[in-house]
Amino acid sequence: MQRQHTRIARAFHWSVLALYVLGVVKQLDDVSQLEDEGLLVTETAFATVFLAVVVARYGYMRRFPTFHAARTPIDPRRARLARSFHQLLYLCFALLPASGLWIGALYAAGSQEGWWMDAAVGLHELCADTSYWLIALHVIAAVASRRKEEGVWTSMVPVWREPPPQET
Ligand code: HEM
Ligand code: HEM
């Protein structure tokens, strides 16, 4: 039996990805679309759920050391770097819905244009663009670890599992 993250950790990891894909697929093109009150309410509800799941996941995952389910020893410097990187992912995934909520609140308060709205939209777009890069790097690192058969991939990802370790 290969070591795995807990069922809850895996559920959090993959449900955040599913919510993120949903958020990106249904992204808005322009602030003026929020004129539709139904859309404003749905976006706000979605972003609130997204933020709550990300915060709950962070609270839950804090108890586990990075790569805790690896089956080979991992250089502690690499583990520290990965931990900081994961924290950056959390920050980005929290600021994305938070800036969306900020846009929605400004719009609802009647500030459809101006400096504050530009700042909120700028932050939202920055988080969206950063998230693509961070996820690409994250997946590259995960695949690199998979090639080294460290057990980290299999501890989190349900497909393309590593072969079981050789008995010595
Ligand atoms: C297809 C996409 C993905 C793959 C293949 C993948 C793979 C992995 C693997 C193998 C681990 C285990 C690392 C460890 O044991 O510490 C992990 C953990 C992690 N992943 Fe991903 N991941 C993907 C998408 C994402 C996305 C979209 C996020 C965005 C938040 C994310 C955030 C994290 C974080 C923060 C951790 C550290 C453990 C935790 O706090 O949940 N991953 N991922
Ligand atoms: C987790 C929730 C959300 C995700 C994942 C998400 C994702 C995105 C993405 C990927 C973009 C495209 C950014 C770009 O062009 O670089 C975008 C744009 C936008 N989002 Fe969100 N969003 C979320 C929540 C919200 C909320 C709650 C609102 C407002 C109520 C909102 C309003 C907007 C607007 C107005 C734009 C267009 C900005 C512009 O004028 O270019 N978003 N969103």
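This is a predicted model: local features need pLDDT of at least 70, side-chain atom pairs count only at pLDDT 80 or more; totals for chains, interfaces and linings use all residues.
Residues are numbered from 1 along each chain as its sequence is written, and chains are lettered from A and ligands numbered from 1 in the order in which they are written.

Okay, H4 itself. Helices here are DSSP runs of H or I, at least four residues, numbered from the N terminus. H4 has 33 residues and spans 48 Å from first C-alpha to last, close to the expected 48 Å; that expectation is 1.5 Å times one less than the number of residues.

Which residues of H4 are buried? They're Ala120, His124, Cys127 and Ser145, where buried means 20 or more other C-beta atoms, placed from the backbone, within 10 Å of the residue's own. They pack against H3 and H5, with contact meaning C-beta atoms within 7 Å.

Now the ligands. Ligand 1 has 22 residues around it, the closest being Leu17, Met61, His86, Ala142 and Met156; a residue counts if its C-beta atom lies within 6 Å. H1, H3, H4 and H5 each supply at least two of that shell, and H1 gives the largest share, five residues.

Ligand 2 is surrounded by 26 residues, with Gly23, Gln27, Ala47, Gly100 and Gly104 closest. Here the elements giving two or more are H1, H2, H3 and H4.

Notes:
A residue is buried if 20 or more other C-beta atoms lie within 10 Å of its own, exposed if 12 or fewer, and partly exposed in between; C-beta atoms are placed from the backbone. Two residues are in contact if their C-beta atoms, placed from the backbone, lie within 7 Å.
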